[in-house]
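Here's a quick briefing on what holds this fold together and what sits at its surface. Have a look at the model first, then read on.

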Amino acid sequence: SRAEPVVENIYVNHISTSSKKNRLYVCTSNGYQTLELVGDSWITRTTTDSIDANIYSVAEDGEMDLWISSDNTAWHIDLDESGQAIGKKEYLFGPDFSESVQIASIAGKPHFLLPSGIFTYSSELDRMLPTTNSNLFLNGNGEYRLNGPGNNWFYNGQNWLPLDGSDGGNA
């Protein structure tokens with residue numbers, strides 16, 4: 001067996017696993033791609049949501065829909081049973097200055113990590129809300145290390161704080 005390129009001639013920012021064991025999400029400099037393992041080959045599934053942006057991260061929500069992120073923006077992508085996009089909605093974060101948005105699943109819920117704060121989505125209000133304790137440790141220059149469930153960290157300039165632990169860093 002030999003390695004072969006699956007995504008060619010495009011800059012890859014991040015690759016995320018899916019809860020479906022045969023699926024990967026690839027975040028690129030001009031959108032995202034869904035890859036599925038069929039037999040021994042990875043097949044690129046065409047996305048139909050027309051998002052041509054520098055995508056930094058992707059996360060599934062509990063309903064098997066996707067959240068993807070870029071600069072100051074997150075999109076909620078509705079998926080059908082086969083994983084194809086059937087709808088999308090854009091959510092903007094403050095326009096004051098450009099911030100890259102990262103997404104981490106914390107306690108089973110997507111959290112949107114910006115240098116200036118941590119946000120969650122409110123389905124009741126259909127908008128992004130800052131988490132209640134973000135202001136306790138964010139100074140506008142936050143740094144994150146996302147290493148999977150139970151191992152996500154935030155650096156506030158002095159200390160690394162767990163984002164999904166019980167030591168005051170819970171988002």
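A residue counts as buried under 20% relative accessible area, as exposed over 50%, and as partly exposed in between. Asp 126, at 29%, therefore falls in the partly exposed class. Bear in mind that this is a predicted model.

**Salt bridges**
- You'll find 2 salt bridges in the structure.
- One joins the side chains of Asp 126 and Lys 89, at 2.2 Å from N to O.
- That pair links distant parts of the chain, 37 residues apart: Asp 126 is in the loop between β11 (117–122) and β12 (127–130), and Lys 89 is in strand β8 (residues 85–92).
- Lys 89 is partly exposed too, with a relative accessible area of 38%.
- Glu 36 and Arg 23 also meet through their side chains in a salt bridge, at 3.0 Å from N to O.
- Glu 36 belongs to strand β3 and Arg 23 to strand β2, so this pair ties together parts that are 13 residues apart in sequence.
- Both Glu 36 and Arg 23 are buried.

**Nonpolar cores**
- The largest nonpolar core has 13 residues, and those with the most contacts inside it include Tyr 32, Ile 51 and Trp 75.
- Strands β2 (23–28), β6 (66–70) and β7 (73–79) each give two or more residues to this core, with the largest share, 3 residues, coming from β7.
- Apart from this core lies another one of 11 residues, among them Trp 67, Tyr 91, Val 101 and Phe 119.

**Surface patch**
- Val 6, Leu 37 and Trp 42 make up a nonpolar surface patch, with about 220 Å² of accessible area together.
- Leu 37 sits in strand β3 (residues 31–38) and is partly exposed, at 32% relative accessible area.

Terms used. Residues are numbered from 1 along each chain as its sequence is written. This is a predicted model: local features need pLDDT of at least 70, side-chain atom pairs count only at pLDDT 80 or more; totals for chains, interfaces and linings use all residues. Side-chain values use heavy atoms; hydrogens and water are left out. A nonpolar core is a set of buried Ala, Val, Leu, Ile, Met, Phe, Trp, Tyr and Cys residues joined through side-chain atoms within 4.5 Å. Buried means under 20% relative accessible area, exposed over 50%, partly exposed in between (1.4 Å probe, protein chains only). Helices (H or I, at least four residues) and strands (E, at least two) are DSSP runs, numbered from the N terminus. Patches are made of residues with over 30% relative accessible area and no salt bridge: like charges are joined within 9 Å, nonpolar side chains (Val, Leu, Ile, Met, Phe, Trp, Tyr) within 5 Å. Accessible areas come from the Shrake-Rupley method with a 1.4 Å probe; for residues, only the protein chains shown count as cover. A salt bridge is a side-chain nitrogen of Lys or Arg within 4 Å of a carboxyl oxygen of Asp or Glu.
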